[in-house]
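Here's a quick briefing for anyone meeting this structure for the first time. Have a look at the model, then walk through the points below.

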Amino acid sequence: MEVGVSKFHLNRVFKHHTGYTPRTYLEKVRINHARQLLQTANLNGIEIGFQVGYQSTSSFYKAFQRCNGCTPKQFQVECLKAKKYK
């Protein structure tokens, strides 16, 4: 698909309006969706990674850890502990 501008210009305009590059924005959207699924769905990290659009398990795990400071499993365990003590 073409939008009639260079990818460099598109990146600049997108970042100006959102504060993120398109790639970083997409990663944040995917990881936020993964966080929601980890809290509510009975799926493992591999299934969630594929469901939110990652084609590689390692890419998903690295992105998740970069954004959250923990692995998807650690995040899920902490969420379960928090629910248990409410």
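A residue counts as buried when its relative accessible area is under 20%, as exposed when that area is over 50%, and as partly exposed in between. Going by that cut-off, buried residues make up 22% of the 86 residues in the protein. Keep in mind that this is a predicted model.

**Overall build**

- The protein has five helices and zero strands, so reading from the N terminus you simply get α-α-α-α-α.
- How does the radius of gyration compare with the globule rule? It is 16 Å, well over the 12 Å that the rule gives for 86 residues, so the protein is more spread out than a compact globule.
- Taken along the principal axes, the C-alpha atoms fill a box of roughly 50 × 25 × 20 Å.
- The protein exposes about 6,600 Å², and carbon and sulfur atoms supply 54% of that area.
- Among contacts with a separation of 6 or more, 39% are between residues 24 or more positions apart.

**The nonpolar core**

- In soluble globular proteins, nonpolar side chains tend to be buried together.
- Here the largest nonpolar core has 13 residues, and Ile48, Val52, Phe60 and Phe64 are the ones touching the most other members.
- Which helices each supply at least two residues of this core? They are H2 (22–40), H4 (57–68) and H5 (72–84).
- H2 gives the largest share, with four residues.

**The salt bridge**

- How many salt bridges does the protein have? The count comes to one.
- The partners are Glu27 and Arg66, and their closest N and O atoms are 2.6 Å apart.
- Glu27 sits in helix H2 and Arg66 in helix H4, so this pair ties together parts that are 39 residues apart in sequence.
- Are the two partners buried or exposed? Glu27 has a relative accessible area of 19%, so it falls under the 20% cut-off and is buried.
- Arg66, at 56% relative accessibility, counts as exposed because that is over 50%.

- Val3, Val5 and Leu10 make a nonpolar surface patch of about 240 Å².
- Leu10 belongs to helix H1, which covers residues 7–18.
- With a relative accessible area of 38%, Leu10 is partly exposed, because that value lies between the 20% and 50% cut-offs.

- Thr21 is found in the loop between H1 and H2.
- At 26% relative accessibility, Thr21 counts as partly exposed.
- Which residues does Thr21 touch, not counting those up to four places away in sequence? Those are Phe14 and Lys15.
- Thr21 and Lys84 are 63 residues apart along the chain, and their C-alpha atoms are separated by 38 Å.
- Arg23 is in helix H2, and its relative accessible area of 73% makes it exposed.
- Arg23 and Asn11 are twelve residues apart in sequence, with 9.1 Å between their C-alpha atoms.

How values were computed:
Residues are numbered from 1 along each chain as its sequence is written. This is a predicted model: local features need pLDDT of at least 70, side-chain atom pairs count only at pLDDT 80 or more; totals for chains, interfaces and linings use all residues. Side-chain values use heavy atoms; hydrogens and water are left out. A nonpolar core is a set of buried Ala, Val, Leu, Ile, Met, Phe, Trp, Tyr and Cys residues joined through side-chain atoms within 4.5 Å. Buried means under 20% relative accessible area, exposed over 50%, partly exposed in between (1.4 Å probe, protein chains only). Patches are made of residues with over 30% relative accessible area and no salt bridge: like charges are joined within 9 Å, nonpolar side chains (Val, Leu, Ile, Met, Phe, Trp, Tyr) within 5 Å. Accessible areas come from the Shrake-Rupley method with a 1.4 Å probe; for residues, only the protein chains shown count as cover. A salt bridge is a side-chain nitrogen of Lys or Arg within 4 Å of a carboxyl oxygen of Asp or Glu. The radius of gyration is taken over C-alpha atoms; the globule rule is 2.2 Å times the number of residues to the power 0.38. Contact means heavy atoms within 4.5 Å.
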